[in-house]
Amino acid sequence: MHILPKLVGALAVATALTLPALAQTTIVAPGQSTTGTYMDYMKTVYDRATFAELLQVPIATFDKEFELTPMAAESWSQSEDGLTWTFKLREGLVWSDGEPLTAEDYVFALQRAATSGYDFAWYWDFAGGIKGWKEVTEGTADVSTLGLTAVDDLTIEVTTTAPKPYLPSVTSLWYPVPKHKVDELGDDWALNVDTIVSSGPFEIESWEKSNNAVVFTKSDTYTGPWQAQIDRLEVDPSLGAPEVGLPAYLAGDTDYSFLNTGQVPVAMAAEPDGIRKNAVFATSYISYDLESEPFNNVDVRRAFYHAIDREELTSTVLKDIAIPAGSILPPGYPGYNPDVVAQATFDPEQAKQFLADAGYPNGEGFPEIEIWIREEGGYNGAIIPAMAQYIQAELKEILGITVNIRQLPGADWMDGLRGAKNNIFIAPYEYDYLDPSNFYGIFFNGGRHNYFVPEYDALVAKADAESDWDTRYALYAEAEQVMIDQGLIVPLVHPITTAIISGELGGEASTPNALGFTPLDRLGHYFFTHLTK
Amino acid sequence: MLGFILRRLVSVAFTFIAVSIIIFLMMHAVPGGPFDANDMPVSEAVRAKMMAQLGLDQPLYVQYLRYMWGVMQFDFGVPYQSPGESVLQLLSRAWVPSLVLGGLGVLIGAPLGILLGMAAALNRNSWIDYLASAVATIGLTIPVFVTSMLLILVFAVWLKWLPASGWPHPERWILPIIAYAAIPVATYARYTRSAMLDTMSRPFVTVLRAKGLSEQRIVFQHVLRNSAIPLVTVFLPMFIGTATGSIFVEAMFRIPGLGAYFVSSIETRDYPLEMALMLMITFMYCIAYLLSDIVYALINPRIRVGGAE
């Protein structure tokens with residue numbers, strides 16, 4: 001009599017215990033680019049295959065509160081003079097083919113980057129400040145002179161040209177390259193699923209090159225921190241466009257999707273609990289060719305600085321997709337300084353006065369200008385064209401200046417920026433590593449804008465090397481004051497991205513951080529290893 | 001006939017060479033190169049090395065001759081955006097989904113359009129005729145990405161009858177095929193209707209009627225055949241256009257096809273792939289028009305290819 005309920009109970013418990021073990025958890029996610037060349041982040045950042053970095057374990061990385069967390073490294077230390085860093089790797093890390101992962105694989109990754117083409121040379125020169133980097137990338141010194149040594153299998157030594165107190169945060173983009181595979185196959189090891197090996201929490205199962213869709217599986221061999229909690233991750237970059245992603249999400253074909261401006265209110269009404277916002281650490285700003293008319297005149301630049309009503313801009317045309325930017329640094333970013341931000345006021349009278357001081361009262365005699373914007377996808381695609389039109393109308397109304405807008409493909413825009421083929425641009429920039437030197441570096445000693453402002457460069461160089469963090473931040477604020485006084489840029493907006501995620505997703509990565517933001521795949525390693533379903 | 005074909009083939013060769021030169025020059029006239037697209041500049045030394053590896057440091061005419069020499073041996077180079085395979089390998093893998101979906105779209109859409117056009121012509125000014133013109137107008141005027149989005153919204157999101165997008169499983173092909181078929185249905189309905197009405201007003205149809213032939217025989221044996229010329233003219237070019245993939249349809253339905261490469265090869269300055277795609281399209285259109293001309297002669301003996309021989 002009593003045995004039946006017990007049997008049923010036991011069966012139920014047994015089923016409950018076995019089912020999750022048997023069921024494969026698969027997450028389908030949107031990717032970013034439908035083209036990708038190498039499944040190797042350290043070969044090419046911009047043209048890499050979908051989420052190539054997920055396959056490898058970085059030295060360190062960030063969690064959702066932007067705390068730096070050791071990954072391949074167990075610990076690190078800085079020498080007395082501040083010039084040498086020693087990274088100790090964890091024991092027992094291996095490649096998916098069983099070969100041990102060693103310090104040599106990390107050193108080799110950067111040696112190859114410096115010598116054979118890699119669109120992040122600037123990063124390791126400026127951000128990393130690795131000794132000899134510039135000379136090696138320019139081809140004037142041998143790769144052996146780089147300040148990188150594999151002391152033994154588990155110890156890496158990095159020597160920098162000046163103290164770089166933030167170097168550990170730079171290593172969040174330092175992934176290993178399997179030297180044993182490159183010795184055997186050259187860079188082509190990263191072109192074929194059969195020859196690709198991984199060192200991180202995921203392995204690769206398949207790669208559809210026509211749309212750069214990739215299937216990852218949980219690694220069997222990874223022993224480091226942040227093990228994957230899902231079995232499979234299918235990433236399809238075709239889902240990256242919200243126009244495709246949201247219908248697919250509603251039809252149950254993907255677990256989350258990013259939203260465009262028009263979709264935000266619809267999605268908010270349909271699934272308010274599924275909405276996730278993220279303030280991307282990114283800034284759009286106006287930059288100039290400082291050498292040519294009329295922007296070689298500081299008063300003209302100052303006039304533009306005060307002629308933009310960021311509040312109106314972000315509450316109308318950019319509602320829900322951007323917030324005002326008063327500094328090159330976004331809110332929440334280290335070194336963010338409210339005193340700097342407070343100066344970026346909308347002041348039409350002052351703007352007119354500056355323009356009059358420059359010799360163009362009410363815009364009289366001011367040449368017709370053409371502002372160059374870049375064809376963008378993602379969040380920038382929604383923001384920049386609309387913003388350009390707003391600025392066009394505002395400059396006409398307030399300063400009496402006629403502005404034309406020209407949108408160019410990425411390559412042409414960049415070519416124009418670097419070659420000073422135009423005199424005014426709207427430029428977006430998203431952070432690469434979490435330190436003010438990242439944003440200030442884009443204008444440092446040429447940077448990406450060909451800006452050479454000695455006063456600014458001196459302050460940034462000093463701040464970069466300063467090991468006292470309060471003093472550092474103060475020096476960066478001084479550097480930004482130079483930018484403001486000389487009107488080097490006009491900070492415009494910081495983007496906000498919005499996504500809708502399925503109620504089936506769980507885990508720490510699916511909920512907002514202390515600032516109320518959910519960075520999702522912007523923090524790929526954290527996100528995909530802290531997600532459950 | 002043989003002489004005609006040979007002469008046409010020679011002119012195809014000249015067209016091919018002319019197009020290749022024009023495309024090559026235009027392609028290189030666009031500023032920037034394959035390594036300029038990114039936020040972070042590649043160092044000059046590295047860039048020079050990569051350009052030399054790809055032969056891009058050579059004078060243009062050398063690059064052109066080298067490429068065309070390869071083409072003559074069916075070597076179209078290696079695509080910059082997909083190293084590790086040849087252009088031909090890329091085309092043969094990416095073309096499959098486009099050919100299947102676009103091809104089926106035309107092969108299903110064209111006969112449907114012909115039937116619709118016939119029904120309209122035979123029932124002129126009736127509700128069938130009006131319905132056919134409505135379908136044709138809608139099919140031609142609504143952009144394909146809008147049609148695609150509506151199809152997904154209705155059949156995948158609201159009714160949940162079909163999956164929204166994706167490639168490998170045939171149930172995911174249905175919606176894109178419908179999207180592709182919209183234009184052939186519309187085009188064929190219009191062409192068939194007007195061609196048939198035109199033929200039916202000719203004196204010979206009256207003669208046939210007077211002879212006492214059944215309406216069915218008149219329509220199927222005489223009218224349709226005599227109305228076929230415009231239908232043949234549109235078929236092959238339409239097939240080529242559709243079966244090489246639409247970037248919109250493929251993006252909306254997440255199809256790993258050829259469509260996007262037409263744009264990405266230009267954007268990324270992927271010279272070998274861009275050239276190959278253009279040459280392929282040129283070649284196919286040349287052959288398509290040649291075939292159309294031959295078919296004309298077969299279906300209408302009054303047309304003799306090769307002029308007054």
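A polar contact is a pair of N or O atoms within 3.5 Å; within protein, one must be able to donate a hydrogen and the other to accept it, and residues adjacent in sequence count only if both atoms are side-chain atoms. In this predicted model, the side chain of Ser210(A) reaches the backbone oxygen of Pro256(B) at 3.5 Å.

Residues are numbered from 1 along each chain as its sequence is written, chains are lettered from A and ligands numbered from 1 in the order in which they are written.

**Chain A as a whole**

- Chain A holds 18 helices and 18 strands; helices (H or I, at least four residues) and strands (E, at least two) are DSSP runs, numbered from the N terminus.
- The radius of gyration of chain A, taken over C-alpha atoms, is 25 Å, close to the 24 Å that the globule rule gives for 533 residues, so chain A is as compact as a globular protein of that length. The rule is 2.2 Å times the number of residues to the power 0.38.
- Along the principal axes, the C-alpha atoms of chain A fill a box of roughly 95 × 60 × 45 Å.
- Of its 533 residues, 57% count as buried, where buried means under 20% relative accessible area, exposed over 50%, and partly exposed in between (1.4 Å probe, protein chains only).
- Among contacts (heavy atoms within 4.5 Å) in chain A between residues at least 6 apart in sequence, 71% join residues at least 24 apart.
- Accessible areas come from the Shrake-Rupley method with a 1.4 Å probe; for residues, only the protein chains shown count as cover.
- Chain A carries 32 positive and 75 negative side chains, with the centres of the two sets 2 Å apart. Lys and Arg count as positive and Asp and Glu as negative, without His and the chain ends; each charge is placed at NZ of Lys, CZ of Arg, CG of Asp or CD of Glu.

**Chain B as a whole**

- Chain B has 13 helices and 0 strands.
- The C-alpha atoms of chain B fill a box of roughly 85 × 60 × 30 Å along the principal axes.
- Of the 309 residues of chain B, 46% count as buried.
- Chain B exposes about 15,400 Å², of which carbon and sulfur atoms supply 72%.
- The 20 positive and 16 negative charges of chain B have mean positions 15 Å apart.

**Ser210(A)**

- Ser210(A) sits in the loop between β8 (202–208) and β9 (213–218) of chain A, and it counts as buried because its relative accessibility is 8%.
- Leaving aside residues up to four places away in sequence, Ser210(A) touches Thr34(A) as well as Arg93(B), Ala94(B), Pro256(B), Gly257(B) and Tyr261(B).

**Helix α14 of chain A**

- Buried residues in α14 (residues 410–418) include Trp413(A), Met414(A) and Leu417(A).
- The buried residues of α14(A) pack against β13 (282–288), β15 (369–374), β16 (403–408) and β17 (424–430) of chain A.
- Ala420(A), with a positive phi near 50°, follows α14(A).

**Ala52(B)**

- Ala52(B) belongs to helix α2 (residues 44–53) of chain B and is partly exposed at 40% relative accessibility.
- From C-alpha to C-alpha, Ala52(B) and Ile152(B) are 47 Å apart in space, and they are 100 residues apart in sequence.

Conventions
Predicted model: local features only at pLDDT ≥ 70, side-chain atom pairs only at ≥ 80, totals over all residues. Heavy atoms only, no water.
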